[in-house]
Amino acid sequence: MIDEATFRSNLARIEERIAAACSRAGRARKEVTLVAVSKLQPAEAIEVAWKVGVRHFGENYAQELRDKHAQLGSTCPGIHWHAIGPVQTKNAKYLARAANTFHAVERLEVAEELSRRREGAPLECLIEVNVGAEDTKAGVAPSEVPGLVKAIRALPHLQLVGLTAMPPLSDDPEAARPYFKALAKLARVEGLTQLSMGTTSDFEAAIEEGATMIRVGTALFGQRPTK
Ligand SMILES: *Cc1c(COP(=O)(O)O)cnc(C)c1O
(Lines give C-alpha, C1' and ligand atoms only; values in the text may rest on other atoms or scores of the structure.)
Protein backbone atom coordinates (compact mmCIF):
# COMPACT_ATOMS: atom_id res chain seq x y z
CA MET A 1 0.00 0.00 0.00
CA ILE A 2 1.07 3.56 -0.65
CA ASP A 3 2.90 5.52 2.05
CA GLU A 4 2.36 9.18 2.77
CA ALA A 5 5.63 10.46 1.27
CA THR A 6 5.02 8.63 -2.01
CA PHE A 7 1.43 9.80 -2.21
CA ARG A 8 2.50 13.36 -1.49
CA SER A 9 5.06 13.34 -4.29
CA ASN A 10 2.66 11.65 -6.75
CA LEU A 11 0.06 14.31 -5.97
CA ALA A 12 2.58 17.14 -6.39
CA ARG A 13 3.56 15.84 -9.86
CA ILE A 14 -0.09 15.52 -10.92
CA GLU A 15 -0.85 18.99 -9.60
CA GLU A 16 2.02 20.41 -11.67
CA ARG A 17 0.68 18.75 -14.80
CA ILE A 18 -2.90 19.92 -14.06
CA ALA A 19 -1.65 23.49 -13.56
CA ALA A 20 0.28 23.38 -16.85
CA ALA A 21 -2.75 22.01 -18.76
CA CYS A 22 -5.01 24.68 -17.22
CA SER A 23 -2.54 27.35 -18.17
CA ARG A 24 -2.32 26.09 -21.79
CA ALA A 25 -6.11 26.17 -21.97
CA GLY A 26 -6.48 29.57 -20.28
CA ARG A 27 -8.47 28.00 -17.46
CA ALA A 28 -8.29 28.49 -13.70
CA ARG A 29 -7.09 25.54 -11.61
CA LYS A 30 -10.23 25.73 -9.50
CA GLU A 31 -12.40 24.86 -12.52
CA VAL A 32 -11.04 21.31 -12.40
CA THR A 33 -11.78 18.84 -9.61
CA LEU A 34 -9.21 16.08 -9.18
CA VAL A 35 -11.08 12.90 -8.23
CA ALA A 36 -8.68 10.40 -6.64
CA VAL A 37 -9.86 7.00 -7.91
CA SER A 38 -9.47 4.66 -4.94
CA LYS A 39 -11.38 1.63 -6.26
CA LEU A 40 -9.85 -1.67 -5.10
CA GLN A 41 -7.39 0.20 -2.88
CA PRO A 42 -7.68 -0.48 0.86
CA ALA A 43 -9.45 2.08 3.06
CA GLU A 44 -6.03 2.85 4.58
CA ALA A 45 -4.88 4.26 1.25
CA ILE A 46 -7.79 6.71 1.39
CA GLU A 47 -6.76 7.67 4.92
CA VAL A 48 -3.26 8.46 3.65
CA ALA A 49 -4.64 10.64 0.85
CA TRP A 50 -7.10 12.31 3.22
CA LYS A 51 -4.23 13.21 5.57
CA VAL A 52 -2.46 14.88 2.66
CA GLY A 53 -5.61 16.92 2.00
CA VAL A 54 -7.51 15.05 -0.73
CA ARG A 55 -11.31 15.11 -0.25
CA HIS A 56 -12.67 13.82 -3.58
CA PHE A 57 -12.55 10.05 -4.01
CA GLY A 58 -13.86 7.87 -6.83
CA GLU A 59 -15.19 4.34 -6.36
CA ASN A 60 -16.53 1.94 -9.01
CA TYR A 61 -18.38 -0.72 -7.08
CA ALA A 62 -21.50 0.03 -5.03
CA GLN A 63 -20.77 -2.36 -2.16
CA GLU A 64 -17.18 -1.22 -1.90
CA LEU A 65 -18.37 2.38 -1.76
CA ARG A 66 -20.93 1.48 0.91
CA ASP A 67 -18.27 -0.21 3.05
CA LYS A 68 -15.62 2.50 2.72
CA HIS A 69 -18.22 5.22 3.34
CA ALA A 70 -19.23 3.48 6.57
CA GLN A 71 -15.66 2.72 7.64
CA LEU A 72 -14.23 6.20 7.02
CA GLY A 73 -17.23 8.31 8.03
CA SER A 74 -15.86 9.20 11.46
CA THR A 75 -12.09 9.09 10.85
CA CYS A 76 -12.01 11.05 7.59
CA PRO A 77 -14.76 13.67 7.73
CA GLY A 78 -15.61 15.83 4.74
CA ILE A 79 -15.10 13.27 1.97
CA HIS A 80 -17.02 13.89 -1.26
CA TRP A 81 -17.69 10.43 -2.71
CA HIS A 82 -17.85 10.01 -6.48
CA ALA A 83 -19.45 6.82 -7.78
CA ILE A 84 -17.79 6.50 -11.17
CA GLY A 85 -18.97 3.12 -12.45
CA PRO A 86 -22.40 1.94 -13.62
CA VAL A 87 -24.57 0.29 -10.97
CA GLN A 88 -27.17 -2.45 -11.09
CA THR A 89 -30.69 -1.46 -10.05
CA LYS A 90 -30.59 -3.77 -7.03
CA ASN A 91 -27.44 -2.06 -5.70
CA ALA A 92 -28.57 1.49 -6.40
CA LYS A 93 -29.71 1.91 -2.79
CA TYR A 94 -26.12 1.77 -1.50
CA LEU A 95 -25.13 4.45 -3.90
CA ALA A 96 -28.15 6.61 -3.07
CA ARG A 97 -26.99 6.64 0.55
CA ALA A 98 -23.23 6.92 0.16
CA ALA A 99 -22.49 8.90 -3.01
CA ASN A 100 -22.36 12.66 -3.44
CA THR A 101 -21.93 12.52 -7.21
CA PHE A 102 -22.76 9.68 -9.60
CA HIS A 103 -20.90 9.79 -12.91
CA ALA A 104 -22.38 6.83 -14.74
CA VAL A 105 -26.12 7.04 -15.33
CA GLU A 106 -26.80 4.90 -18.39
CA ARG A 107 -30.31 3.58 -17.80
CA LEU A 108 -33.48 5.39 -16.80
CA GLU A 109 -34.49 2.49 -14.54
CA VAL A 110 -31.38 3.03 -12.39
CA ALA A 111 -31.97 6.79 -12.30
CA GLU A 112 -35.54 6.22 -11.14
CA GLU A 113 -34.41 3.85 -8.40
CA LEU A 114 -31.76 6.33 -7.22
CA SER A 115 -34.33 9.13 -7.10
CA ARG A 116 -36.73 6.90 -5.13
CA ARG A 117 -34.03 5.91 -2.62
CA ARG A 118 -32.31 9.26 -2.21
CA GLU A 119 -32.87 11.17 1.02
CA GLY A 120 -31.61 14.67 1.76
CA ALA A 121 -29.93 16.73 -0.95
CA PRO A 122 -30.56 15.62 -4.53
CA LEU A 123 -27.89 13.28 -5.91
CA GLU A 124 -25.68 15.02 -8.47
CA CYS A 125 -25.61 12.91 -11.62
CA LEU A 126 -23.84 12.68 -14.93
CA ILE A 127 -24.83 10.55 -17.91
CA GLU A 128 -22.09 8.23 -19.15
CA VAL A 129 -21.78 8.41 -22.92
CA ASN A 130 -20.22 5.63 -24.99
CA VAL A 131 -18.37 8.11 -27.18
CA GLY A 132 -16.39 5.49 -29.04
CA ALA A 133 -19.44 3.32 -29.81
CA GLU A 134 -17.64 0.30 -28.32
CA ASP A 135 -19.65 -2.89 -27.79
CA THR A 136 -17.78 -3.65 -24.57
CA LYS A 137 -18.21 -0.22 -22.99
CA ALA A 138 -20.88 1.12 -20.69
CA GLY A 139 -22.74 4.28 -21.52
CA VAL A 140 -25.49 5.44 -23.83
CA ALA A 141 -25.09 6.28 -27.50
CA PRO A 142 -24.81 10.02 -28.20
CA SER A 143 -28.16 9.85 -30.03
CA GLU A 144 -29.87 8.65 -26.83
CA VAL A 145 -28.58 11.52 -24.69
CA PRO A 146 -31.35 14.10 -25.34
CA GLY A 147 -34.13 11.68 -24.36
CA LEU A 148 -32.36 10.52 -21.22
CA VAL A 149 -31.55 14.11 -20.23
CA LYS A 150 -35.21 15.03 -20.44
CA ALA A 151 -36.35 12.01 -18.43
CA ILE A 152 -33.75 12.50 -15.68
CA ARG A 153 -34.55 16.18 -15.34
CA ALA A 154 -38.08 15.16 -14.40
CA LEU A 155 -36.87 13.09 -11.41
CA PRO A 156 -37.24 14.91 -8.08
CA HIS A 157 -34.20 13.65 -6.14
CA LEU A 158 -31.58 13.77 -8.86
CA GLN A 159 -29.78 16.81 -10.15
CA LEU A 160 -28.40 16.28 -13.62
CA VAL A 161 -25.20 18.30 -14.01
CA GLY A 162 -23.17 16.82 -16.85
CA LEU A 163 -21.76 14.04 -19.00
CA THR A 164 -19.01 11.45 -18.57
CA ALA A 165 -16.79 9.84 -21.19
CA MET A 166 -14.61 6.72 -21.14
CA PRO A 167 -12.99 6.82 -24.60
CA PRO A 168 -11.40 3.73 -26.18
CA LEU A 169 -8.18 2.69 -24.42
CA SER A 170 -5.04 3.75 -26.20
CA ASP A 171 -1.33 4.21 -25.53
CA ASP A 172 -1.52 7.57 -27.26
CA PRO A 173 -2.79 10.32 -24.90
CA GLU A 174 -3.89 12.33 -27.95
CA ALA A 175 -6.19 9.55 -29.23
CA ALA A 176 -8.91 10.51 -26.76
CA ARG A 177 -8.98 14.18 -27.69
CA PRO A 178 -11.65 13.95 -30.46
CA TYR A 179 -13.91 12.06 -28.04
CA PHE A 180 -13.42 14.71 -25.35
CA LYS A 181 -14.29 17.40 -27.89
CA ALA A 182 -17.43 15.52 -28.92
CA LEU A 183 -18.54 15.11 -25.30
CA ALA A 184 -18.03 18.81 -24.61
CA LYS A 185 -20.14 19.71 -27.63
CA LEU A 186 -22.92 17.33 -26.61
CA ALA A 187 -22.97 18.84 -23.10
CA ARG A 188 -23.15 22.37 -24.51
CA VAL A 189 -26.13 21.46 -26.66
CA GLU A 190 -27.93 20.05 -23.61
CA GLY A 191 -27.04 22.98 -21.34
CA LEU A 192 -24.96 20.79 -19.01
CA THR A 193 -21.91 22.33 -17.32
CA GLN A 194 -19.96 19.40 -15.87
CA LEU A 195 -17.64 17.19 -17.91
CA SER A 196 -16.14 14.11 -16.24
CA MET A 197 -13.33 13.03 -18.54
CA GLY A 198 -9.66 12.15 -18.39
CA THR A 199 -7.79 9.46 -16.42
CA THR A 200 -4.11 8.80 -15.69
CA SER A 201 -3.39 8.29 -19.37
CA ASP A 202 -5.09 11.35 -20.85
CA PHE A 203 -6.16 13.92 -18.23
CA GLU A 204 -4.14 16.76 -19.74
CA ALA A 205 -5.94 16.55 -23.10
CA ALA A 206 -9.23 16.29 -21.17
CA ILE A 207 -8.49 19.50 -19.26
CA GLU A 208 -7.58 21.27 -22.50
CA GLU A 209 -10.96 20.18 -23.91
CA GLY A 210 -12.95 21.43 -20.92
CA ALA A 211 -13.00 18.66 -18.28
CA THR A 212 -14.35 19.86 -14.93
CA MET A 213 -13.69 16.53 -13.16
CA ILE A 214 -10.75 14.28 -13.94
CA ARG A 215 -10.60 10.73 -12.55
CA VAL A 216 -7.04 9.73 -11.70
CA GLY A 217 -6.19 6.46 -9.96
CA THR A 218 -2.92 4.79 -10.91
CA ALA A 219 -0.83 7.97 -11.08
CA LEU A 220 -1.82 8.80 -7.48
CA PHE A 221 -2.07 5.45 -5.69
CA GLY A 222 0.12 3.25 -7.89
CA GLN A 223 -0.97 -0.03 -9.41
CA ARG A 224 -4.36 -1.33 -8.19
CA PRO A 225 -4.77 -4.72 -6.56
CA THR A 226 -6.82 -6.89 -8.95
CA LYS A 227 -10.43 -7.66 -8.11
C1 LIG B 1 -10.47 2.95 -12.76
C2 LIG B 1 -11.12 4.12 -13.39
C3 LIG B 1 -10.43 5.35 -13.53
C4 LIG B 1 -9.00 5.55 -13.11
O5 LIG B 1 -8.12 5.02 -14.05
P6 LIG B 1 -6.53 5.22 -13.90
O7 LIG B 1 -6.01 4.77 -15.20
O8 LIG B 1 -6.08 4.37 -12.76
O9 LIG B 1 -6.28 6.66 -13.65
C10 LIG B 1 -11.14 6.41 -14.07
N11 LIG B 1 -12.42 6.30 -14.45
C12 LIG B 1 -13.11 5.14 -14.33
C13 LIG B 1 -14.52 5.09 -14.77
C14 LIG B 1 -12.47 4.03 -13.81
O15 LIG B 1 -13.15 2.88 -13.72
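Modeller: One definition comes before the questions: helices are DSSP runs of H or I with at least four residues, strands are DSSP runs of E with at least two, and both are numbered from the N terminus. The model discussed here is a predicted one.

Biologist: In which loop is the place of N60?

Modeller: Not counting residues up to four places away in sequence, N60 touches K39, I84, G85 and P86. The helix and strand boundaries then settle its place, which is in the loop between β2 (56-59) and α3 (62-72).

Biologist: What C-alpha to C-alpha distance lies between N60 and F180?

Modeller: F180 is one of the buried residues of α7, whereas N60 belongs to the loop between β2 and α3. The two are 120 residues apart in sequence, and in space their C-alpha atoms are apart by 21 Å.

Biologist: What volume does the largest cavity have?

Modeller: A search of the whole structure finds one cavity of 30 Å³ or more. The lining of the largest cavity consists of E59, N60, Y61, A62, L65, A83, G85 and L95. Its volume is about 40 Å³.

Biologist: How far apart are the end C-alpha atoms of helix α1?

Modeller: Helix α1 runs over residues 4-25, and at 1.5 Å a residue its 22 residues should span 32 Å.

Biologist: Which residue follows α1, with a positive phi?

Modeller: At the start of α1, the backbone nitrogen of A5 has a side-chain oxygen of D3 within 3.1 Å. After α1 comes a residue whose phi is positive, near 65°, and this residue is G26.

Biologist: Is S38 buried or exposed?

Modeller: S38 lies in the loop between β1 and α2. Leaving aside residues up to four places away in sequence, S38 touches I46, F57, G58, E59, E64, K68 and F221. Since a residue under 20% relative accessible area is called buried, the 0% of S38 makes S38 buried.

Biologist: What relative accessibility does A133 have?

Modeller: A133 has a phi near 50°, a positive value in a residue other than glycine, and its place is in the loop between β5 (123-129) and α6 (145-153). A133 counts as exposed, because its relative accessibility is 64%.

Biologist: What arc do the buried residues of α6 cover?

Modeller: What covers the buried residues of α6 includes β4 (101-105), α5 (108-117), β5, β6 (158-165) and α7 (177-190). The buried residues of α6 are V145, L148, V149 and I152. They lie on the same side of α6, because around the axis they cover an arc of only 105°.

Biologist: Which residue follows α7, with a positive phi?

Modeller: Helix α7 has 14 residues and reaches 20 Å from its first C-alpha to its last, close to the 20 Å expected at 1.5 Å a residue. Its buried residues are R177, F180, L183, A184, L186, A187 and E190, and their cover includes β5, α6, β6, β7 (194-196) and α8. The residue that follows α7 has a positive phi, near 70°, and is G191.

Biologist: With which residue does the side chain of T212 make a polar contact of 2.9 Å?

Modeller: T212 lies in the loop between α8 and β8, and at 11% relative accessibility T212 counts as buried. Among the residues T212 touches are R27, E31, V32 and T33, as well as T193, Q194 and L195. The polar contact of 2.9 Å joins the side chain of T212 to that of Q194.

How values were computed. Residues numbered from 1 in each chain as written. Predicted model: local features only at pLDDT ≥ 70, side-chain atom pairs only at ≥ 80, totals over all residues. Heavy atoms only, no water. Expected span 1.5 Å × (residues − 1). Polar contact = N/O pair within 3.5 Å; in protein donor to acceptor, adjacent residues only side chain to side chain. Buried < 20%, exposed > 50% of the residue type's maximum accessible area, 1.4 Å probe, protein only. Contact = heavy atoms within 4.5 Å. 1 Å grid on protein atoms, 1.4 Å probe; cavity = no way out; pocket = protein on both sides within 12 Å on 5 of 7 lines; lining within 4 Å. Points joined across faces, edges and corners; volume = space filled by probe spheres on them. Arc of directions from axis to C-beta.
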